[in-house]
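Thanks, everyone. I have one model to go through today, and I will keep to the geometry. Let me put it on the screen.

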Amino acid sequence: MTTTGATAYPTRVPRKWDRPAVARLDRVSKVYGDGAGRVTALEEFTFEFRQGEYWAIMGSSGSGKSTLLNILGCIDRPSHGDYYVRETRTADLDDDDLSELRSRELGFVFQSYNLIPQLDVIENITVPLLYQDEPPKDGMERAKMLADRVGLGSRLTHRPKELSGGQQQRVAIARALINDPALILADEATGNLDSKTALEILELFDELNAEGKTIILVTHETDVGERAQHLLRLRDGRIDTVE
Amino acid sequence: MLLPTLSRAVKLGIRSLMLHRLRSLLTTLGVLFGTSSVIAMLAIGEGASAEAYEQIKQLGSQNVILRSIKPPEMTNQASTSSSTVVVYGLTRSDERRIEETFPAIDTFVPVREISQDVRNLDRVASPRILATAPNYLDVTGRMLVEGRFFDAEDDRTVANVCVLGSEVARHLFPAERPLGREVRIGSSFFTVIGVLAPRVRLSDDPAKAGTEITDEVFVPITTGRKYFGELTVKNRAGSREMEQVELHELILAVDDADAVPFVASAARRLLALNHKKRDYEVVVPLELLARAEETKRIFNIVLSSIAGISLLVGGIGIMNVMLATVTERTREIGIRRALGAKRRHIVLQFLVECVVLSVVGGAMGVGLGLVIPIAVEYWADMRTIVTPLAPILAFTISAGIGVVFGIYPAWRAATMDPVEALRHE
């Protein structure tokens, strides 16, 4: 473990080595194109994210953080190496199985909220359940509970365009929680929000983490990165620093 | 499990389509017109062929009808020299020759046409006056509304009796029963002994075919010859036109349906041998029936091609719109894929939208398609028949069109790379 300047940030905590890994990358490489236009976005990347940890991933553009997030989110596959979600080796899964894995084990929060415009709040929250092979029976109740949890209990039938950015992002977070995922992946989740709303969202992440959720947050804002328990800096597709 | 999934997909599909109301409506219209044109065309085709069948059946399928027609070159000649007598048509020697040639023929019914006015007091009608044999009724299958047709006795005694067509009867006797009353034909008086039911005319000449004939008066052929001779004089706007025709029509009733084509072709050859000009026609209901079958077949092919093309255009419309929609909703597809949608979920989603469009269009098209034939009947005075199969067929095809033309856009949506799709603006 590298701990460059970790003492400077009170949020940094010891890693939870006793917990099982929820996402494990084993010498993962991602290569785009071939020949002269060959770009290596990730190179021999080996890392473990453990249950209950709250990570921020930072790096300049082109450092591979988006590629890493796509692979962690199972919407992209490594060119080489293995990626495990809990005990499942994703290389063994076909497209359908991978989709099922996403709908069960992963929660996404995007920069631009990415709610589905023709669906109302409660429907947006339940979308991941629709795609599970055996959706839980109490999906609706869970969705209502989560809407309450993120403070939108009174707006269940509103459409996304009737909500503010912060509210939309809250819906997106509720959606990311509906399947009780192993891993919540947030991609610049506060990037489109004003600082006050951004702070609210970050506080929500803190709370979720306190409840035991594993969160990986990609950001380029230093103060957002500093809030997380751990910070992973990338450079040129490799690990630069780990705090 | 499947049913709720599907009903949810349909609800969602409708909602997505409602995001672009005008676009969805226009797409639906394409299917609507396709479907309704299928139904309407089938109805019109069915009606036309049913009409033809009925006309043919009225002529009697075992008859061969020889008819005198005025050759076109004679019409010109008559107009230049106004007082010559034009001689054409079938002759009694034709009849005799045919009679000798074909023992298979049961009955010969000669028909002469007389050009005279028919009067009751001051009411005048100018119907076709047909002088014919008593068995005319049996051979042509025409029906009497009341009274009787003249019999062999009337024929032998050259009786002054006549049978009126229903229209003539109505015209001459608007307020009373014509039976037993007298009408004046030319300068002689005839007792009305029967009234005929209307029927439809059939001819080789499409312009003449299909008109209803009810303005006819029948007299015994002997009586006709006695009073009116064989010279027909038509007074027309100052000029007189004289024609001499021995027989206007000769109906050959063949006792065996299999012999009809043979009799027909032999009659044609026999007449061709003895007539220099083409002043006759041979109408064979059985041949017409076969021709009507063929026409119906071609008609159906043409109509269904046209209808098929309009449905195809509707389908292309759907595909076009769905391709645009898929591109437009690339991001939504990316989101759904990221949230766990499998390819089949995306296919189902877009396919359902296509099917909703085409089914709604198809249903409205069935509605319109059932109205069009009524309108056609009302305004164009054409007969139409909507068979129960037509709407079912049209609806099924239109729904199928939605599936067929939806598959490609849906497949395109499903095979998008989620990463790319999420990046799409």
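Before the interface, one definition: I call two residues in contact if their C-beta atoms, placed from the backbone, lie within 7 Å. Bear in mind as we go that this is a predicted model.

With that cut-off, how many residues does each chain bring to the contact? Chain A gives 18 residues and chain B gives 15 residues. On the side of chain A that touches chain B, α2, residues 95-105, and α3, residues 121-130, each supply at least two residues. The largest share comes from α2(A), with six residues. By class, that side of chain A splits into six nonpolar, seven polar and five charged residues.

Next, the sheet in chain A. Six strands make up an open sheet, and the order across it is β6-β7-β8-β3-β9-β10. The pairing is mixed. Which strands stand at the edges? Those are β6, residues 106-109, and β10, residues 238-242, of chain A. Each has a single partner strand, so one side of each is left without a neighbour in the sheet. On average, neighbouring strands here are turned by 20° against each other, direction ignored.

Further in, strand β3 of chain A, residues 54-59, pairs with strand β9 of chain A, residues 230-235. The sense is parallel, and the pairing runs over five bridges.

Now over to chain B, and a pair of helices. Helix α12 of chain B, residues 343-380, packs against α10(B) at an angle of about 145°, and the axes are 11 Å apart. The crossing of α10(B) past α12(B) is right-handed. From α10(B), the contact is made by B:Gly314, B:Ile318, B:Met322 and B:Val326. From α12(B), the residues are B:Phe350, B:Glu353, B:Cys354, B:Leu357, B:Ser358 and B:Gly361. Counted by class, this helix contact has six nonpolar, three polar and one charged residues.

Last, one residue in a loop. B:Arg329 sits between α10, residues 285-328, and α11, residues 330-338, of chain B. Is B:Arg329 buried or exposed? There are 22 other C-beta atoms within 10 Å of B:Arg329, and the cut-off for buried is 20 or more, so B:Arg329 counts as buried. B:Glu425 is 96 residues away from B:Arg329 in sequence, yet their C-alpha atoms are 9.5 Å apart in space.

That is what I have. Questions, please.

Notes. Residues are numbered from 1 along each chain as its sequence is written. Chains are lettered from A and ligands numbered from 1 in the order in which they are written. This is a predicted model: local features need pLDDT of at least 70, side-chain atom pairs count only at pLDDT 80 or more; totals for chains, interfaces and linings use all residues. Two strands pair if DSSP finds at least two bridges between them. Helices (H or I, at least four residues) and strands (E, at least two) are DSSP runs, numbered from the N terminus. Axes are lines fitted to C-alpha atoms, for helices over the stretch in contact, and angles run from 0 to 180 degrees between N-to-C directions. A residue is buried if 20 or more other C-beta atoms lie within 10 Å of its own, exposed if 12 or fewer, and partly exposed in between; C-beta atoms are placed from the backbone. Ala, Val, Leu, Ile, Met, Phe, Trp, Tyr, Cys and Pro count as nonpolar, Asp, Glu, Lys and Arg as charged, and the others, Gly among them, as polar. A crossing is left-handed if the near helix is turned anticlockwise from the far one by less than a right angle, and right-handed if clockwise.
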